[in-house]
Amino acid sequence: EAWISKTDFGVRFAMDENRDISNVEHSHDLYEIITTFSGTIHQKINGRIFTQKPGDICILRPGDCHLQSRQSEIIKTCVCSISSAVLDPFLIAFDVKKRICSTKDGLIFHVHSQQAQNLQQAFEQLQCSSGQQKLDQGKIIISMVLQYYLQFENGEHVDWIDRITREMN
């Protein structure tokens, strides 16, 4: 929480391309939403290892012990660090707080390529924003992620072959 200053409105977004990813397990008192646009990374969350691929979104909760390690040479991700004070009202409004907080391993879900492109464009637009416009754009992005999660959870816009393949993997 202390890392996110009041000037960041309780939210910090960072687009990362090919950055060195820490192999040190850690946890903190904030949420992280990690969206992968290209490449793959290993995500270790509470002792379990997941491979995050393009189109995957990972939501980490406060207290989740995690680390990210690069799997492919070229990666492009967006990491959103969000204070509980900012994200909890969104989770309550979308009626997903209990579901997200009850999972043992955090939450990783997949979105279609068009949804991933929409998110990437929204993140890039956010990079050019400041002040109230940046805050508003950040709220739009959080809402998009939660909308995509609900669509995924309800099986909407998810091809059944993609779903079965993910479950088999």
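Colleague: Which residues is Thr35 in contact with, leaving aside its neighbours within four places in sequence?

Modeller: In this predicted model, the contacts of Thr35 are Gln52, Asp56, Ile57, Lys76, Thr77, Cys78, Leu119 and Phe123. Contact here requires heavy atoms within 4.5 Å. Thr35 itself lies in strand β2, residues 30–38.

Colleague: Why does Thr35 count as buried?

Modeller: The relative accessibility of Thr35 is 1%. Buried means under 20% relative accessible area, and therefore Thr35 at 1% counts as buried.

Colleague: What makes Gly106 buried?

Modeller: Gly106 has a relative accessible area of 10%. The cut-off is under 20%, so Gly106 is buried. Gly106 lies in the loop between α2 (97–102) and β8 (107–110).

Colleague: Which residues is Gly106 in contact with, its neighbours within four places in sequence left aside?

Modeller: They are Ile45, Asn46, Ile59, Arg61 and Asp64. Of these, Arg61 is 45 residues away from Gly106 in sequence, while the C-alpha atoms of the two are 6.5 Å apart in space.

Colleague: Why is α1 called oblique to α4?

Modeller: The axes of α1 (residues 84–93) and α4 (residues 131–153) cross at roughly 45° and come within 11 Å. That angle makes α1 oblique to α4, because angles under 35 degrees count as roughly parallel and 65 to 115 as roughly perpendicular. The crossing in which α1 passes α4 is right-handed.

Colleague: Which residues of α1 and α4 meet?

Modeller: From α1, Leu87, Phe90 and Leu91 meet Lys139, Ile142, Ser143 and Leu146 of α4. By class, the residues of this contact are five nonpolar, one polar and one charged.

Colleague: What is the pattern of the chain, read along the sequence?

Modeller: The pattern is β-β-β-β-β-β-β-α-α-β-α-α-α, and the secondary structure comprises five helices and eight strands. Of the 169 residues in the chain, 46% are buried. Among contacts between residues at least 6 apart in sequence, 76% join residues at least 24 apart.

Colleague: Where in the chain is confidence lowest, and where is it highest?

Modeller: Confidence is lowest in helix α5 (residues 160–168), with a mean of 63, and highest in strand β5 (residues 56–60), at 93. For the chain, the mean pLDDT is 81, and 80% of the residues reach 70 or more.

Colleague: Over which residues does pLDDT stay under 50?

Modeller: This applies over residues 1–7, for which the model has 14 contacts beyond four places in sequence.

Technical notes:
Residues numbered from 1 in each chain as written. Predicted model: local features only at pLDDT ≥ 70, side-chain atom pairs only at ≥ 80, totals over all residues. Heavy atoms only, no water. Axes fitted to C-alpha atoms, helices over the stretch in contact; angles between N-to-C directions. Helix = DSSP H or I, 4+ residues; strand = E, 2+ residues; numbered from the N terminus. Parallel < 35°, antiparallel > 145°, perpendicular 65-115°, else oblique. Left-handed = near helix turned anticlockwise from the far one by under 90°. Nonpolar A, V, L, I, M, F, W, Y, C, P; charged D, E, K, R; others polar. pLDDT = per-residue confidence, 0-100. Buried < 20%, exposed > 50% of the residue type's maximum accessible area, 1.4 Å probe, protein only.
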